[in-house]
Amino acid sequence: MSECVICALVQQKKDVVFESEHVVALLAPQPAANGQMMVTSRKHAPIIETVPDFVVAEMFQVANKVGTVVFDALGAQGTNVLVQNGPAAGQRHKHVSIQVIPRFEGDRLQIGWNPKPGSEEELAKVQSALLEETKNVGVFEMPEEKPIELQEAAEVPQDDYRSKQLRRIP
Amino acid sequence: MEEQCVFCHIASGQIPAKKVYEDDKVTVVLDINPATPGHMLLIPKAHVAVMPQMDDFLVAHVGMVAKQLSQAAIRALKVEGTSIFVANGGIAGQRAPHFMLHIIPRAQGDGIALQVPQGSVQIDAASKAKLKEAIAKLTGTEVAQEPTEEKEPQKPKDKQEEAPKEPKSADKKNDAKAAQKKNLDAITELLTK
C-alpha cells in the first residue's frame, strides 16, 4: 500500500475535495483540464472488479456530484467520466479511479474513438458470448450489516425497587 | 419516454437491437458502430439527457451494472481490460440526446484514444476553494481541509466551546437538496439546449 501513489495522496489528504468512509475524491495529479478530479476507493484496489458493488455505486454517485459542480464553479461546458480499467485501457496507477474531466470550448482534448460499422456476423457472435456471462449481472453485493453494539447493561442493584418491580413480572 | 428519442425506443425494445442485458431500470445493447468488438451501450429506460439529471439510485445502479458488465466482457471476450466512458454535452463528445454509458473491451495496442494526457493545468486557489465549497454544499458534508504543514497549537478548551455552532445535519441536507436542484437546472439548460 505504501508504494501506491493514490493511497499516498489519500493518506496525505492532499487536494482532497470529498471524502467518506469508502470513497475519496481528489484533484487529479498532472491534470489535463482545469478542475480534473479522480474518485477513488479509500481501500486499495487495483481494478473496478475488485471493489465491492456498493462501493462502486458510491464512487459513481460521488463522480456524478463532483462533476456537477464544475459547470458553475469553473465554467465547464461538458464533462467526461472515464474509468481506465487495466493497463490495456491505459490505466496509469495501480489503484482504481473514476476520472472526471471538465471540458471547455477549444480545450484540444481528444478523448474518443473512430466508430467502424460492425458486421452482422461479428455482432451476433459477440452478443452470444456476452449473453453467457451477463446472466449473472444484476445481483449486487451490499455492505455487511454492522453488528449493533449495545453498551453493556449496567448492573441493577439487587435492592433497587425498580428491579424488584421487574422480577414481579411473570 | 420521449417520443422523438431513438434511444428511448431502443431501451424499451421498440427498436430492435442486439441486447445483452436488461432489468427494470436499464437496457444494455451492442453498439452497431463499435470502437472494439463487444462495445456495449448502457441506456437508462427513463429519458435522461445527461448524467447530472440522474438521481443517486439510478447512478448507483448504472455504476454497479457497468462494473459487472465489464467483468462479463473480460470473461466472455478474453480481453485485457475495459474502458467505461460517459460524455456529458456535445463538447465532451456526446452524440445522442439520451444519456448512455459505454463499456469498451480493450486490448494492448488497439489504438483507442480513451485516455487523458498527463498535463499540468494548475487550478488557481480561488477556483479550488470554490470547487470544494460547492462539493461540500451539494453533498451536505464539511469542506475538505488541506493538510497543514505544522501542527496547530491546541486551542484552550473554553475557546473551542465558543466556536460558532455548525448548522444541524438536517439543515445541511436541505441545503444540499436545494443546491442540487439549482445546479441541475443550470446544467440542463447548458447541456440540452
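In chain B of this predicted model, strand E2 (residues 26-30) and strand E3 (residues 40-44) run antiparallel and are joined by five bridges. Within this pairing, Val28(B) has Leu42(B) of E3(B) as its bridge partner.

These two strands belong to an open sheet of ten strands, in which the pairing is antiparallel and the order is E1(A)-E2(A)-E3(A)-E5(A)-E4(A)-E4(B)-E5(B)-E3(B)-E2(B)-E1(B). The edges are taken by E1 of chain A and by strand E1 (19-22) of chain B, each of which has a single partner strand, so that one side of each is left without a neighbour in the sheet. From one strand to the next, the twist averages 20°.

The contact between the chains involves 83 residues from chain A and 84 residues from chain B. About 7300 Å² is buried between chain A and chain B, and carbon and sulfur atoms give 64% of this area. Of the area that chain A buries against chain B, 10% is supplied by Lys65(A), Ala88(A) and Trp113(A), more than by any other three residues.

The rule for polar contacts finds 31 residue pairs across the interface of chain A and chain B, with both residues at pLDDT 80 or more. The elements of chain A that give two or more residues to the side touching chain B are strand E1 (16-19), helix H2 (53-68), helix H3 (70-74), strand E4 (78-85), strand E5 (97-103) and helix H4 (120-134). H4(A) provides the largest share of that side, eleven residues. When the side of chain A that touches chain B is divided by class, 45 residues are nonpolar, 23 are polar and 15 are charged. Between chain A and chain B there are five salt bridges, and in a salt bridge of 3.4 Å, N to O, the side chain of Arg75(B) meets that of Glu133(A).

Key: Residues numbered from 1 in each chain as written. Chains lettered and ligands numbered in written order. Predicted model: local features only at pLDDT ≥ 70, side-chain atom pairs only at ≥ 80, totals over all residues. Heavy atoms only, no water. Contact = heavy atoms within 4.5 Å. Buried area = accessible area lost by both parts, 1.4 Å probe. Salt bridge = Lys/Arg side-chain N within 4 Å of Asp/Glu carboxyl O. Polar contact = N/O pair within 3.5 Å; in protein donor to acceptor, adjacent residues only side chain to side chain. Helix = DSSP H or I, 4+ residues; strand = E, 2+ residues; numbered from the N terminus. Nonpolar A, V, L, I, M, F, W, Y, C, P; charged D, E, K, R; others polar. Pairing = 2+ DSSP bridges. Axes fitted to C-alpha atoms, helices over the stretch in contact; angles between N-to-C directions.
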